[in-house]
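Dear colleague,

Please find below the structure that I am handing over to you. My notes on what was found in it follow directly after.

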Amino acid sequence: MSSDVIVVIVVATALAFDFTNGFHDTANVVATSISTRAMPPRLAVGYASALNFVGAFISLEVAATVANDVIQADLVTPLMVFGGLIGAIAWNLITWYFGLPSSSSHALIGGMIGAAFAAEGANAVLAEGVLGKVMIPALVAPLLAFATAGLAILLIYRIVGRQRPGPVGAGFRAGQVVSGGLLALAHGTNDAQKTMGVITLALVANGSISQEHFHVPDWVVVSAASAIALGTYAGGWRIIKTMGSRIHKMDSAQGFAAQGAGAAVILASSHVGFPLSTTHTISGAVIGSGAAKRLSAVRWGVAGNIVVAWLLTLPAAASIGAVTYGITRIFGTGAVGPVVVSVLILIGAAALFARRAQRGPAVTAAETG
Amino acid sequence: MPPLAEIVDVDNLLEVVWVSLVAGIGATAAYAFAILGAARALDLSRSGRPAEAVLFGAMCAIALTAVGAAVVYGIVIMTNK
């Protein structure tokens, strides 16, 4: 009975993480469309939200990787999964507050690793899986997106460079409706699956699903898709500003190239089950499309802050995940620990939201243009 | 721990690299050709050269079809695995 209560708390926490993932990553998906005025902000966010939902149903390869290749599945307990999720949520909230587009995926994987390490030591962490299926693809993806977007924009300028800017700009703004949609689809595919993988891991740990007959239940797919879509709709306006205009001012052709390159990399990675960071990938594409035009067009200081947030994400989320696991174990192996930690994190989140609200909205539609 | 080459899923990683480059650059270039075709067709028809305008219009249509086909093909592959 107690373990079922913990699983319910873990599933609710996982869906809350999925919501914050959508909330946090909205900017990555819609910032380029908004900053080039291809779509008005509210429409762009609603459109991305709908396609996030659809994208979650496309593939389950990433969910299988998260459930089987990051930590030792037979050592996992629901409390461990809970600690990992809190590590990820807390880090997502902190980076959201400061307007930094760090990776929700790395926060989740970092949180899981930290909690597993605190519970069972280094044996619980599948170092080969983490390195081969998470870390290396995580390093390759932004560089690949950078190169793809850079080469694409150079080719685009070569093809349409002598045409009148009016029709060309209008054409690429129309194209961004499709490329932005693909990016939202890719985001839903890769990111919602991470939550599906974590929930499935908790269900396996609870004995609700046999490890030999691993599968992601339909209700998990639907609920994860809904949570990320709702989170995306709620939006993250602060990060929209960072992604859309602070890195570099982009034209619609650059926006199109960045979105197309980002979508191609994320969809190809999802197809083979790499749980990469959509934030890193899209940031790489945005920077690549700017750097190919003119190196000085990129605000490298802002790009540098983003890199610092990337470097901090895994260890910071792992530390919070480990501490959370330790706190929950103070209360034993029952449901009291997760309940206490959930209340504390809700109070902390409310305090952050209130403080952010006091300072006023970080960005408006007029500012994003 | 085994050497890095054994840990990294090289085949899948290479697949991601070439698919991303081909799809990301190919589709955006094809769309740029569609815009070029549309812009030239508009200019030529305004300047009274309908035959050439039709040719550029056809280029635009072919390029748009190629982009659409690439998108649909990619999604079909994703959903069929």
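**Helix α2 of chain A**

Helix α2 of chain A covers residues 41-55, which makes 15 residues, and it reaches 21 Å from its first C-alpha to its last, close to the 21 Å expected at 1.5 Å a residue. Helices here are DSSP runs (H or I, at least four residues) and strands likewise (E, at least two), numbered from the N terminus. The expected span of a helix is 1.5 Å times one less than its number of residues. Among the buried residues of α2(A) are A:Pro41, A:Ala44, A:Val45, A:Ala48 and A:Ser49. A residue is buried if 20 or more other C-beta atoms lie within 10 Å of its own, exposed if 12 or fewer, and partly exposed in between, with C-beta atoms placed from the backbone.

**How to read the model**

This is a predicted model, in which local features need pLDDT of at least 70 and side-chain atom pairs count only at pLDDT 80 or more, while totals for chains, interfaces and linings use all residues. Residues are numbered from 1 along each chain as its sequence is written, and chains are lettered from A and ligands numbered from 1 in the order in which they are written.

**Chain A**

Chain A contains 14 helices and zero strands. Its radius of gyration is 20 Å, close to the 21 Å that the globule rule gives for 369 residues, so chain A is as compact as a globular protein of that length. The radius of gyration is taken over C-alpha atoms, and the globule rule is 2.2 Å times the number of residues to the power 0.38. The C-alpha atoms of chain A fill a box of roughly 70 × 45 × 35 Å along the principal axes. Of its 369 residues, 63% count as buried.

Helix α7 of chain A (residues 165-206) has 42 residues and reaches 60 Å from its first C-alpha to its last, close to the 62 Å expected. It bends by about 30° at A:Gln176; the bend is the angle between axes fitted to the seven residues ending there and the seven starting there. In α7(A), 32 of the 42 residues are buried, so that the helix is mostly covered. Just after α7(A), A:Gly207 takes a positive phi of about 85°.

**Chain B**

Chain B has three helices and zero strands. The radius of gyration of chain B is 20 Å, well over the 12 Å that the globule rule gives for 81 residues, so this chain is more spread out than a compact globule. Its C-alpha atoms fill a box of roughly 70 × 25 × 10 Å along the principal axes. Of the 81 residues of chain B, 30% count as buried.

**Where the chains meet**

The contact between the chains takes 32 residues from chain B and 39 residues from chain A. Two residues are in contact if their C-beta atoms, placed from the backbone, lie within 7 Å. On the side of chain B that touches chain A, α2 (10-46) and α3 (50-80) of chain B each supply at least two residues, and α2(B) gives the most, with 22 residues.

The largest nonpolar core has 137 residues, and those with the most contacts inside it are A:Val10, A:Val81, A:Leu85, A:Ala202 and B:Ile35. Such a core is a set of buried Ala, Val, Leu, Ile, Met, Phe, Trp, Tyr and Cys residues joined through C-beta atoms within 7 Å.

Yours sincerely
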